[in-house]
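This briefing covers one protein model. Please read it alongside the sequence and coordinates shown here.

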Amino acid sequence: MENSTKENAQLFSKTIILPIDRSSSKSESSASKEKQTCCGGIKIFLGALSFVYFAKALSGSYLKSTITQIERRFDIPSSLVGVIDGSFEIGNLLIIILVSYFGAKLHRPKIIGVGCLIMSAGTFLIAMPQFFMGRYRYEIFSSSTNSTVSISPCLQDKNQIPLSVLERSQAKINAGCEKEVGSSMWIYVLLGNLLRGIGETPIQPLGITYIDDYASEESAAFYIGCVQTVAIIGPIFGFLLGSLCAKLYVDIGFVDLDSITITHNDARWVGAWWLGYLIAGVLSVLAAIPFWFLPKHLPRPESRKDSSTFSEQSKFITEDNREHHRSYEQQVKILEMAKDFLPSVKNLFGNPVYFLYLCASIIQFNSLIGMVTYKPKYIEQQYGQSSSKTNFVIGLINIPAVAFGIFSGGLIMKKFRINVLGAAKLSLGSSFFGYLLLLSLFAMGCENSDVAGLTVSYEGTKQVSSYEETLFSECNSGCICSKNEWDPICGENGITYVSACLAGCKTSNGSGKTSVFYNCSCVGITASPSRSSSAVMGACQKGNECPKMFLYFLVISVITSYTLSIGGTPGYILLLRCIKPQLKSFALGIYTLAIRVLAGVPAPVYFGVSIDTTCLKWGSKRCGGRGACRLYDSNAFRYIYLGLTVVLGTLSVFLSIAVLFILKKRYVPQDENITANGGRGMVSVQNRKDNFVNNDYLIQTTYWAEKETRL
């Protein structure tokens, strides 16, 4: 009996154990498959999102690199270019609230894919005017082209020009005017940039939250860091692409390049600005493809299934499933949340640290956005550099310095475990020394080029005048010249003349870039007796000291970019720690909105308006009217550009000092009280320090790289 009982018990245990082993093996295999699916899916999404970040950063920085090209191609002032640049922020603001709220309820990967397609459509639209507005025409003296009719530069009498030539010239102008009347093709560039802003909107909020929802907690931060690293690489390639396209003539492939009489350094030169937008548009289309094949949901990692935190989308789904069963109490809760909105706003703006830091950030971003938008133009005009070289220098030197500065700021915060007060000091010190370095750039400018009638008199004495009447002098009084043309020549005396006619040149030899002008009466006034009064095509080079000054400028510019970027991470940590935890998301939303509305949109516009006031010689459109600026007063440009930047930066520094003063007054005693409570208090403080460094640094990475992508 006992043996049979033991046998029955063993048999019973075997029958019970076997099913359990099978179920456990099944669960293990399903878990491993689920883990593989989860890891594979999130990594595919990570790769796709990284490529999107690269594409949008490249197109945004490429736009900055083509500011001067667009200005010259469409014959518009800098202020209008500023409006075009700010339209991106306007497009972003139009739908950011809708995307952020409703995006979590819908298929996030597909919404990002749609955004990429809209972004690509906007990028293509920017390039489209090139194919509809005809060939680029710049002011040029008729004998510079390969003409069979020899015409003297100094038109002493209109009768010396054959009637057929005058008729053909006038007919071409009239035909061009018929096409140009009522057409402002730059509007398409503005609308395209607006579309780019709309398309870019869902990428960051939906992409980052998708990673955060479906990646493991220890991997999410690393993945987000990878995405932002790629985003910083994007502007480098954007400016390098701008450098390559600026070397190519705007109508390359459609005109004979041997007939082009201008060089890369000429104020009329326009590169193949449209080509980079076509490349950026194709990249955006390619970036959209993977998102159409990604699932709406991914399996949640095992480590997060039992977590108390749920994804933002799952919360919405839960609400949707219970929509029909919503009780009266739930409706009351929503009403209470709505009622809490105004008190939350009041609480937020009633916090002096938050309010002052918000004001300081708005002013500082005005300074930085204006400075970066017109930096290529400043280098071109101040140091006589070509657009191609300017973009190459910014992409290869300045952008890496900014990226290294951001990394250094975060590393300093983590290495030394800096608290909130230390973060405020580091942010303030970064801004103070950065703007202090900018002051030195006032002494590193080049003097005005000697242009007869504008920066020097025809006798060679220094003067600055924007009045067109000063272009005429006794030496060219016998010539019939236009004051609107800009076709500069360089005299043997080292002075640039607005045109061969205004230089009083009687004869010319050669054609195109090799044209040489002789018997120039205005050149002979200041030329030594041993020299002939001749001139060649193109403006004279800047002074001998200018290349050296440009080198000094590059060194200081790189150090300044690095110094200012160090304070980004500490400043953002200060923003997160000066408010109540429950208001953190709301505070960040208000902060981003204020920066975009009060800095991203207006800064390029009023910087452009201020720069326009320094123009000495405006170009002219074919049908009359003012075109793009051909010559700036270098000294006035330097004082306006750097002055606005430094003044705004100084105001932000003063506000940052006020933030530090209030922070010391209000928050230091609390820390002392906590540490005075004994060992337990010390442990809590240390834990908060660790959380402060580890968590908020990762949050900063998400935000600050986005800012620098734009810069």
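The model is predicted. It holds 24 helices and seven strands, and 50% of its 711 residues are buried.

**Whole protein**
- Of the contacts between residues at least 6 apart in sequence, 79% join residues at least 24 apart.
- The protein has an accessible surface of about 33,300 Å², and carbon and sulfur atoms account for 63% of that surface.

**Helix α19 and helix α17**
- Two packed helices are described by the angle between their axes and the distance between the axes.
- Helix α17 spans residues 420–439 and helix α19 spans residues 546–566; their axes come within 7 Å and cross at roughly 160 degrees.
- Because angles over 145 degrees count as roughly antiparallel, α17 is roughly antiparallel to α19.
- The crossing of α17 past α19 is left-handed.
- On the α17 side, the contact residues are L426, S430, S431, F433, G434, Y435, L437 and L438; on the α19 side they are I556, I559, T560, T563, L564 and I566.
- This contact between α17 and α19 comprises nine nonpolar residues, five polar residues and no charged ones.

**Helix α19 and helix α16**
- Helix α16 covers residues 387–415, and its axis lies 7 Å from that of α19 at an angle of about 30 degrees.
- Because angles under 35 degrees count as roughly parallel, α16 is roughly parallel to α19.
- The crossing of α16 past α19 is right-handed.
- Residues of α16 that meet α19 include K389, V393, I397, N398, A401, V402 and F404, and their partners in α19 include F550, L554, S557, V558, S561 and Y562.
- By class, the contact of α16 with α19 has twelve nonpolar residues, seven polar residues and one charged residue.
- I566 of α19 is listed in the contact with α17 and in the contact with α16.

- Most residues other than glycine have a negative phi.
- D75, which is not a glycine, has a positive phi of about 55 degrees. D75 sits in the loop between α2 (67–73) and α3 (78–102).
- The relative accessibility of D75 is 16%, so D75 counts as buried, the cut-off being under 20%.
- N519, also a residue other than glycine, has a positive phi near 50 degrees. N519 belongs to strand β4 (residues 516–520).
- With a relative accessible area of 47%, N519 is partly exposed.

Terms used: Residues numbered from 1 in each chain as written. Predicted model: local features only at pLDDT ≥ 70, side-chain atom pairs only at ≥ 80, totals over all residues. Heavy atoms only, no water. Helix = DSSP H or I, 4+ residues; strand = E, 2+ residues; numbered from the N terminus. Buried < 20%, exposed > 50% of the residue type's maximum accessible area, 1.4 Å probe, protein only. Contact = heavy atoms within 4.5 Å. Areas by Shrake-Rupley, 256 points an atom, 1.4 Å probe, with all protein chains shown as cover. Axes fitted to C-alpha atoms, helices over the stretch in contact; angles between N-to-C directions. Parallel < 35°, antiparallel > 145°, perpendicular 65-115°, else oblique. Left-handed = near helix turned anticlockwise from the far one by under 90°. Nonpolar A, V, L, I, M, F, W, Y, C, P; charged D, E, K, R; others polar.
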